[in-house]
Amino acid sequence: MKPKLLIAENHPAMRAKVASLLQRDFDVVASVAGGLAAVEAVSHFLPDLVILDVSMPILDGPDVARRVKAHGCNAKIVFISVSMDLNQITTCLAAGGDAYVSKVRMATDLIYAITEVLAGRRFISPDV
Amino acid sequence: MSKSSASTLAIKLGVSSWPTALIGIVVIKAVLSLAVKPGSFVVSYSGISYLVLLVLATCFAMRNGIQNTLGARFFWVLLATAYSLWSAHQALNLYYELGLRIEVPDNSIDDSLLFLHVGALVAAIATLPHRGVSNQKQNRAVANVLLVTLFWIFIYGYAVFPYQYLISSGTAFSYALRFDIVYLLENLAVIGTAGVLAFRVKGPWQSVYFHLLAASTLYALSSTVANLEIDSGGYVSGKLYGVGLTASVCWFVWIPLCARHLPSRQVTATPFDSHQSSQASMWAMIVVVMISVPIVWELLQRDERSDLRALRVVFAVVMIVCLASSAYIKEHRAQREHKERFLSVFDYSAVGMALVGCDGRWIRVNRALCEILGYSEQELLDTNFQSLTHPDDLDADLSYAHRVFTGQLRFYHLEKRYIHKQGHVVWVALTASAVPDASGKVSYGIAQVQDITARKHAEAAVLRNQEELQSLAGRLITVQEEERKRIARDLHDDLSQRLALLCVDLDMLRQNRPADVQAAQELERMRREIGELVVDMRRLSHNEHHPQLTLGLQHGVASFCNDFSKQYGIAATLVHEGNLKRIPETVCFTLFRVLQEAMSNVAKHSEADGVTVTLGVHGDQAVLRVSDDGRGFEIGSDRGLGLISMRERLRLVGGTMRVNSSRQQGTDVEAAVPIPISGGLNIPVIGKADGNT
């Protein structure tokens, strides 16, 4: 059985691209556009892994991660972002992230990162 | 010859014809005295010219009095009096000589007139006309004249009068000799007074007084010789001393004439000087004492006629009483005037004034203070300053007042509030000073109170306006930042996402078509290009709005320094001091922008290896310092380094910027912005104290 994934990304084209990248290998249970929707969807679908865009309005990626973890959810979390700012990466990992993938390198890094995370390891994209 | 030059000639003649005429008279007189045999009938008519000259002098002096020449009417009136007495004397003389054709009898009044005219002359000189006699001081001048005149009347009445009318001639000390001596004394007094005052008076009066001095000296000399000659029975009109007499009279005529041509604008009223008046009364007292000496002498001397002695004593006593009482009245009046003047300064001052006792009770208050506080005088006198002072200002005032009353402080200045009778607050500037008595103990103080409510309100309005401007500036900064944030979001949220998508697509394309080497290389290049574009876009977006700034200035600056080091390879070290959370948001934005600008200068111009960013809060200031170890620049060649825009940004939040740099010494940029102090504001009372006494 394919692992269940949930995608939270506010940019529609990016959301569609991420889904299309992962559809073949994973079961994408939902893709949502905002942080609040993501928190709701996680408690509803109980996915194995959540792909979180770092910067979203109202609730951003790290916020969602903290809430989800606070609810006692064990889903792995992979952050995606255009930015490779060290402070931001630190914040995301501290919020409960397991991987941090640069959106620019998603074609090469994203599936690899997910497999690594599901295998219990961590992954951070190399800086461009 | 034109009409105008003719009139100019006439004016010239008008001005210079008098001295010419006067000198001509003297010359004619001299020629006559030398050429014509003394005792001639013709020469005795020179007495007539003498009279004419005196009448002329009287008229000129009167005209000056009427026209208030040089602003000294009183002086001219007295001078005219002196001249007219003199004319009367001369007229009487001529009446006896030419009309009755007899010698002037001893008991004639004409000698008394001659004597009196010199008294009037002394009085005129003693008026000190250069002081500008105002109406109020006219009384004082009249009193002075009375004193002088009484004195000379006394001298005459004591030494001459009895011999003139009571004792027949032939005694050892005859009337004529006594008169000559006293008359000489009187003339010497004129010379002395004119001589002393000629050096004291100022402006045009100096020349008038020197003329007076010279004329009276000439007259004294000639008249003394003439009198002695008459007494020895040898006087005949037409002798040489007659020339001296005529010349002196001509000179006296010239005095009122020349005064008309002096510039009167130089005459300025000098302020009244109470010291002078007390000195005058001291002299009056001395005169009184001096007069009593001959009385005692008179009483002790037994070899004279008893009726004469009685007359003299009565005369002297009456004079003493007159002199003493006029001196007393003068002094009393001066003191009262002085006191009234002080009290009117107190009462009519526009500044509120009060005498305050040690317990704070009002002892005396003026009208201005009543108006400032809204109470009547009696209501104020029934209360004390403590009960009318605003409770917030009372402690400061009391502590200063205590130090003044205990002699530790001579005075203090305080801006404080009183409560008006109608209940509103009155702001005043108070100056309070100690009034020590003779032993140095302070029994009460003087308070001077100026209403500054209007100024305080204006100041508050200015402050409000400033606050409004500040908040407007703050809003401007916020709006600007919001706008930048929006642009940043657009860049980040959409454009960079789409670029990232392109990257993904290109990567996938590369993965799918590895066979075509050239296409793969091309794809690789495009991929790299777009990757760089994403990074640039992100930088641009961060420049517009640094995402970490929302987490606080400290985070923003840390993240910025981190990025900076990475981007330019210049090690940026961040140091922070104090509680940075106290910095308001608008100031945060401003300081961050200044940091961006300064760091951009470091990157572009400094060639530095390292830069230290210090962010601190010290007291009521937030300070940002950017110091690099680069090549520096010369101050003044700093155009185009964005310093102006930094300064403008800082000015919006009331901040300032200092730049220190010199070649090879690195650059130090320091921005300081005032921030609200934690805790309450100080009470708005400014206390200022002079040194201890």
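In this predicted model, strand 6 of chain B runs parallel to strand 7 (residues 610-618) of chain B, and the two are paired over seven bridges. Helix 19 of chain B lies across both strand 6 and strand 7 of chain B, at about 165 degrees to strand 6 of chain B. Helix 21 (residues 643-652) of chain B packs on the sheet too, where it touches strand 9 and strand 10 (667-674) of chain B. The direction of helix 21 makes about 150 degrees with that of strand 9 of chain B.

Now for the sheet itself. Five strands of chain B make up an open sheet with mixed pairing, and their order is 6-7-8-10-9. Strand 6 (571-577) and strand 9 (656-661) of chain B sit at the edges with a single partner strand each, so one side of each has no neighbour in the sheet. Direction ignored, neighbouring strands of this sheet are turned by 10 degrees against each other on average.

Zooming out, chain B has 21 helices and 11 strands. Of its 693 residues, 33% count as buried. If one takes the contacts in chain B between residues at least 6 apart in sequence, 69% of them join residues at least 24 apart.

Next come the nonpolar cores. The largest one has 74 residues, and the members that touch the most others are B:A57, B:L79, B:A82, B:V122, B:A124, B:I125 and B:V253. Helix 6 (residues 135-159) of chain B gives the most to this core, namely 11 residues. Leaving aside residues up to four places away in sequence, B:A82 touches B:H117, B:A120, B:L121 and B:A124. A second, separate core holds 46 residues, including A:A8, A:V32, A:V101 and B:L499.

Helix 5 (residues 110-125) of chain B passes a quick length check: with 16 residues at 1.5 Å a residue it should span 22 Å, and its end C-alpha atoms are 23 Å apart, which agrees. Helix 5 of chain B is also mostly covered, with 13 of its 16 residues buried.

Finally, there is the place where the chains meet. Chain B puts 20 residues into the contact and chain A puts in 16 residues. On the side of chain B that touches chain A, two or more residues each come from helix 17 (453-512), helix 18 (517-544) and helix 19 (553-568) of chain B. Helix 17 of chain B has the largest share of that side, with 13 residues. By type, the residues on this side of chain B are seven nonpolar, eight polar and five charged.

Definitions and conventions:
Residues numbered from 1 in each chain as written. Chains lettered and ligands numbered in written order. Predicted model: local features only at pLDDT ≥ 70, side-chain atom pairs only at ≥ 80, totals over all residues. Contact = placed C-beta atoms within 7 Å. Helix = DSSP H or I, 4+ residues; strand = E, 2+ residues; numbered from the N terminus. Nonpolar A, V, L, I, M, F, W, Y, C, P; charged D, E, K, R; others polar. Expected span 1.5 Å × (residues − 1). Buried ≥ 20, exposed ≤ 12 C-beta atoms within 10 Å, placed from the backbone. Core = buried A, V, L, I, M, F, W, Y, C linked by C-beta atoms within 7 Å. Pairing = 2+ DSSP bridges. Axes fitted to C-alpha atoms, helices over the stretch in contact; angles between N-to-C directions.
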